[in-house]
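I open the notebook with the model on screen.

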Amino acid sequence: NARRTVQEMMRAGAAALFIEDQVSPKRCGFVKGKELIPVDEAVGKYRACLDARDEADPDFMIISRTDARGAVGGGMDEVIRRAEAYLAAGVDVLYVEALQTREEIRAVREAFPDCLLMCTPMAIAPPLTGEEMAELGISLSGFHIARVGTIAMHDFLARYMKEGESAWHEFLAMSRDHPLGGFRIFDLAGFPEIAEQERRYLPQRSADRYDASIGVYDPRGARSAAAE
């Protein structure tokens, strides 16, 4: 399973992936009830990932994620023990989830001063600044972009329940000049590239349909004022 995951991710065009040491089905690293697989089993998975990677593309990066800080039987000692084993197996990046303080991040960095280190410091308050992350040697971090979209949609729908169509009309006006305003989301989905392929490969009569029909979005690039 580990080898196949790496192979499929590489075929999909990814540059890296991380494999966790949680029992499957896993939980979010900030949710209670996490359990870990034995460390030797986890090491075997990482070795399988590395072998699959080396057979196809040595530049692909394997990230080992440990949830040992917050899992059953876990703690900082277990974090260090597992991190040492995973790095010895040859992983490219160490990802330690749910560290609780700046001091814990510093302890991991001091134990492994030369490794590429990834953290998701959501449990740390006040939040780490960019300068602190650089000082602590955090090479990779992350944020939940889906949370941004979910909150924005929630707020709009709550307003729509109160105000009806006026909320939608105001949103359209406000987003008119946004890079994704109007029907520009169709651009993001690749519609213009499809239109260009049609121009290159299909008979002229196929292209004529654009001029013989109406619409506020023209994937060839000539949008109407309504689309803008």
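I count a salt bridge when a side-chain nitrogen of Lys or Arg is within 4 Å of a carboxyl oxygen of Asp or Glu. I also note that I am working on a predicted model.

**Entry 1**

I looked up Arg82 first. Its side chain meets that of Glu78 in a salt bridge, 2.7 Å from N to O. That value is within the 4 Å cut-off. I checked the spacing next: Arg82 and Glu78 both lie in helix α3, four residues apart, about one turn of the helix.

Glu78 has another partner. I find a salt bridge between the side chains of Glu78 and Arg81, at 2.9 Å from N to O. Glu78 and Arg81 are separated by about one helical turn, because they sit three residues apart in helix α3 (residues 76-89).

Then I asked how each of these residues is covered. I take under 20% relative accessible area as buried, and over 50% as exposed. Arg82 has 4%, so I log Arg82 as buried. Glu78 has 15%, so I log Glu78 as buried. Arg81 has 44%, so Arg81 goes down as partly exposed.

A reminder to myself: side chains of opposite charge can pair when their charged atoms come close.

How many salt bridges does a search of the whole structure find? I get 20.

I then followed a network. Salt bridges link Glu20, Lys26, Arg65, Asp67 and Glu97 in it. I looked at one pair in detail. Lys26 forms a salt bridge with Glu20, and their closest N and O atoms are 3.6 Å apart.

**Entry 1: helix packing**

I describe two packed helices by the angle between their axes and the distance between the axes.

I took α1 and α2 to start. Helix α1 (residues 2-11) packs with helix α2 (residues 39-56) at an angle of about 40°, and their axes are 8 Å apart. That angle makes α1 oblique to α2. I note a right-handed crossing where α1 passes α2.

I went back to α3 for the next pair. The angle between α3 and helix α4 (residues 102-111) is about 30°, with the axes 11 Å apart. I class angles under 35 degrees as roughly parallel. I therefore list α3 and α4 as roughly parallel to each other. Their crossing is right-handed.

**Entry 2: backbone checks**

Where do I find cis peptide bonds? One joins Ser24 and Pro25, with omega about 0°. I place Pro25 in the loop between β1 (16-20) and α2. A cis peptide bond also joins Ala125 and Pro126, with omega about -5°. I place Pro126 in the loop between β4 (116-120) and α5 (130-135).

I looked at phi next. Ala98 is not a glycine, yet has a positive phi of about 65°. Ala98 is in the loop between β3 (93-97) and α4. At 5% relative accessible area, Ala98 counts as buried.

**Entry 3: a nonpolar surface patch**

Which residues make the nonpolar surface patch of about 680 Å²? I list Leu180, Phe183, Ile185, Phe186, Leu188, Phe191, Ile194 and Val216.

The largest share comes from α8, with three residues. I find Val216 in the segment after α10 (204-211). Val216 has 34% relative accessibility, so I log Val216 as partly exposed.

**Entry 4: two distances**

I picked Asp187, which lies in helix α8. Asp187 has 24% relative accessibility, so Asp187 counts as partly exposed. From Asp187 to Pro219 I get 7.5 Å in space, C-alpha to C-alpha, and 32 residues in sequence.

I then picked His169 in helix α7 (residues 165-174). His169 has 48% relative accessibility, so His169 counts as partly exposed. From His169 to Leu36 I get 50 Å in space, C-alpha to C-alpha, and 133 residues in sequence.

Note on methods. Residues are numbered from 1 along each chain as its sequence is written. This is a predicted model: local features need pLDDT of at least 70, side-chain atom pairs count only at pLDDT 80 or more; totals for chains, interfaces and linings use all residues. Side-chain values use heavy atoms; hydrogens and water are left out. Patches are made of residues with over 30% relative accessible area and no salt bridge: like charges are joined within 9 Å, nonpolar side chains (Val, Leu, Ile, Met, Phe, Trp, Tyr) within 5 Å. Accessible areas come from the Shrake-Rupley method with a 1.4 Å probe; for residues, only the protein chains shown count as cover. Helices (H or I, at least four residues) and strands (E, at least two) are DSSP runs, numbered from the N terminus. Buried means under 20% relative accessible area, exposed over 50%, partly exposed in between (1.4 Å probe, protein chains only). Axes are lines fitted to C-alpha atoms, for helices over the stretch in contact, and angles run from 0 to 180 degrees between N-to-C directions. Angles under 35 degrees count as roughly parallel, over 145 as roughly antiparallel, 65 to 115 as roughly perpendicular and the rest as oblique. A crossing is left-handed if the near helix is turned anticlockwise from the far one by less than a right angle, and right-handed if clockwise.
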